[in-house]
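The following questions and answers examine a structural model and its ligands. Please consult the sequence and coordinates while reading.

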Amino acid sequence: MVSCRAMHILTVYVTVVFTLTSFVRSHNEENLYQAKDNLPTMGPAKSVRYLLYDVNPGEGFNLRRDVYMRVANLVKFLNEDEPWILVLPPWGRLYHWQTTHLSAQTKVQWKYFFDVNSLALHVPVIEFEDYLKAVGKPEIDEVYYLQRYKEGWTKWEEKIDIRECVDPPRYQKDSDGKWRGQFFGYEEVYAKKFECMSSQAYLLTFKPFLMKNTTGRSVFLDRAENMIHGQYSEWSREWWTARRSMVFSKHLRDVADKFRQEKLDSNDKDDKTELEVWTQMKRKHGDAKGGPYVAIHLRRKDYLYSHAKEVPSLENAAKIAKTFLKKYKLKKLFLATDANGDDLTHFEKMMKGYEVYYHKVFYPEMTEYFDGATAIMDQWICAHARVFIGSHVSTFTFRIHEEREILGFDQETTFNRFCGDDEPKDCEQPTKWKIIY
Ligand SMILES: Nc1nc2c(ncn2[C@@H]2O[C@H](COP(=O)(O)OP(=O)(O)O)[C@@H](O)[C@H]2O)c(=O)[nH]1
Ligand SMILES: *[C@@H]1O[C@H](CO)[C@@H](O)[C@H](O)[C@H]1NC(C)=O
Ligand SMILES: [Mg+2]
């Protein structure tokens, strides 16, 4: 018997397929990253809607990647019933991106950092620039600014409500009645409607709101980090599917791979880390061997204060790194860090007898969007090491863990972290998030 549910799913699928096709045909086809086998083939139309979002300006690159996974899954669930396209929020002006000689690190497109066709194998996405072209004016229909409840948390219950703004909003109505705000630094962009929305809710709770309570063609959720994963968190298949789609852009991988080969004797064939299209890729723990080097992520800067107890001194970091180098009988150390130049030289001195490599010296040609690009290359190289040691609760470290799960490393080589000087030597190690297919 063909169940009603199966029929329903089929109908919905066909609807989505229909609508997306007409969308693709009526717009510039190149603007929509929609991988071929995901491509709709025919149909009438319920018009496509756009979901836009942004994150608290204080958040760094790697938490932003986590927020992407939430919003992407929201769009995925929306597409079960209605065609929605996720608009990728341009990168720029991140707190950590301070390379002063570069004023260009604003309005950076996702394709610079990620393989957008891989993202599109999960949900339909377009760059913000292409959204502007597609709608033909610098306009967003509705903006909802997610905020806490003024009265605070009383008990856990899922709820979202349009409320007065708790904090002075970063949007203002101009004399033409247009809402002006930040909008990634695009000064011409405005919204037709703006509301603050108190929320204490899982991402799925936003689906009925978006489908039924909003009518605009484009809806923008600001402060999207307030959307909670709920059941779609690290231990769920959906989360991992979104995560697997976040493949780094090829041009950055290529620079990092060249570095691996030239300096670290590391390549995918020998290391057993060859990539496939992510939808086809399914490795077992232990399949990957990794290059003949130890990689460490040594987080400094703000973590020296915000996580003082768990951040090791350089002396101790060097000691721990040597323990691993001996255990794995390796001579080369790859160092990913946001430490300053003096610390780097100091650390290198303490690693006498070993070869230390780090990015600042080795890819000086990467001046374009330096900070984001080097961060990604550092992560990519750490992800391919025989063994990795990370920093306590750093999202930069977490994204490396996940990359290694995707590549199929033994978990013992991945979920290690430095202990602070005053912590026990066997301090609590990172949670082993196992990949789920
Ligand atoms: N290149 C490079 N940048 C780093 C490293 N560690 C931290 N950073 C920079 O500092 C930022 C850290 O912020 P974030 O991504 O939020 O990670 P978290 O603060 O460690 O959780 C990164 O995005 C990088 O710009 C590193 O090892 N290498
Ligand atoms: C959405 O609409 C329903 C029905 O009108 C209403 O009860 C609900 O409060 C609305 N949700 C929000 C967040 O405004
Ligand atoms: Mg951070």
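**Contacts and ligand shells**

Q: Which residues does glutamate 139 touch, not counting residues up to four places away in sequence?
A: The model discussed here is predicted. Glutamate 139 belongs to strand 4, which spans residues 139–147. Beyond four places in sequence, the residues that glutamate 139 touches are Tyr131, Tyr190, Lys192 and Ser218.

Q: Is glutamate 139 buried or exposed?
A: A residue counts as buried when its relative accessible area is under 20%. The relative accessible area of glutamate 139 is 11%, so glutamate 139 is buried.

Q: With which side chain does the side chain of glutamate 139 make a polar contact?
A: A polar contact requires a pair of N or O atoms within 3.5 Å. The side chain of glutamate 139 has such a contact at 2.8 Å, and the partner is the side chain of tyrosine 190.

Q: What distance separates the side chains of tyrosine 145 and arginine 223 in their polar contact?
A: Tyrosine 145 is also placed in strand 4, and its relative accessibility of 11% makes it buried. Leaving aside neighbours within four places in sequence, its contacts include Phe194, Asp222 and Arg223. The polar contact that joins the side chains of tyrosine 145 and arginine 223 has a length of 3.2 Å.

Q: How many Å separate the C-alpha atoms of tyrosine 145 and tyrosine 171?
A: Tyr171 is one of the residues in contact with tyrosine 145 when neighbours within four places are left aside. Along the chain the two tyrosines are 26 residues apart, while the separation of their C-alpha atoms is 9.3 Å.

Q: Where is lysine 178 found?
A: At 26% relative accessibility, lysine 178 counts as partly exposed. Apart from neighbours within four places in sequence, lysine 178 is in contact with Gln172, Lys173, Tyr190 and Ala191. Its position is the loop between strand 6 (172–173) and strand 7 (179–180).

Q: Which residues are the closest to ligand 1?
A: The shell around ligand 1 holds 18 residues. By class, these divide into six nonpolar, nine polar and three charged. The closest are Arg299, Thr337, Asp378, Ser394 and Thr395.

Q: What is the distance between a polar side-chain atom of arginine 299 and an oxygen atom of ligand 1?
A: Oxygen atoms of ligand 1 lie by both backbone and side-chain atoms of the protein: a backbone N or O atom of threonine 337 is 2.7 Å from one, and a polar backbone atom of phenylalanine 61 is 3.4 Å from one. For arginine 299, a polar side-chain atom is involved, at a distance of 2.6 Å.

Q: What percentage of the accessible area of ligand 1 does the protein cover?
A: On its own, ligand 1 has an accessible area of 560 Å². Of this area the protein covers 93%.

Q: Which element gives the largest share of the shell around ligand 1?
A: Helix 2 (61–78), strand 11 (332–337), helix 14 (370–383) and helix 15 (395–407) each contribute at least two residues. The largest share amounts to three residues and comes from helix 14.

Q: Why does ligand 1 lie between two domains, and which are they?
A: Residues of the shell around ligand 1 are supplied by both domains. Ligand 1 therefore lies between domain 1 (4–244) and domain 2 (250–413).

Q: Which residue joins its side chain to that of aspartate 338 in a polar contact?
A: Aspartate 338 sits in the loop between strand 11 and helix 12 (341–350), and its relative accessible area of 16% makes it buried. Beyond four places in sequence, its contacts are Leu298, Arg299, Arg300 and Lys301. The polar contact of 2.6 Å joins the side chain of aspartate 338 to that of arginine 299.

Q: Which elements give two or more residues to the shell around ligand 2?
A: Ligand 2 is surrounded by Ile160, Ile162, Phe209 and Asn213, and a polar side-chain atom of asparagine 213 lies 2.4 Å from one of its oxygen atoms. The protein covers 39% of the 360 Å² of accessible area that ligand 2 has on its own. The elements with two or more residues in this shell are strand 5 (159–163) and helix 6 (206–213).

Conventions. Residues numbered from 1 in each chain as written. Chains lettered and ligands numbered in written order. Predicted model: local features only at pLDDT ≥ 70, side-chain atom pairs only at ≥ 80, totals over all residues. Heavy atoms only, no water. Near = heavy atom within 4 Å. Polar contact = N/O pair within 3.5 Å; in protein donor to acceptor, adjacent residues only side chain to side chain. Areas by Shrake-Rupley, 256 points an atom, 1.4 Å probe, with all protein chains shown as cover. Helix = DSSP H or I, 4+ residues; strand = E, 2+ residues; numbered from the N terminus. Nonpolar A, V, L, I, M, F, W, Y, C, P; charged D, E, K, R; others polar. Domains from an automatic or database assignment. Buried < 20%, exposed > 50% of the residue type's maximum accessible area, 1.4 Å probe, protein only. Contact = heavy atoms within 4.5 Å.
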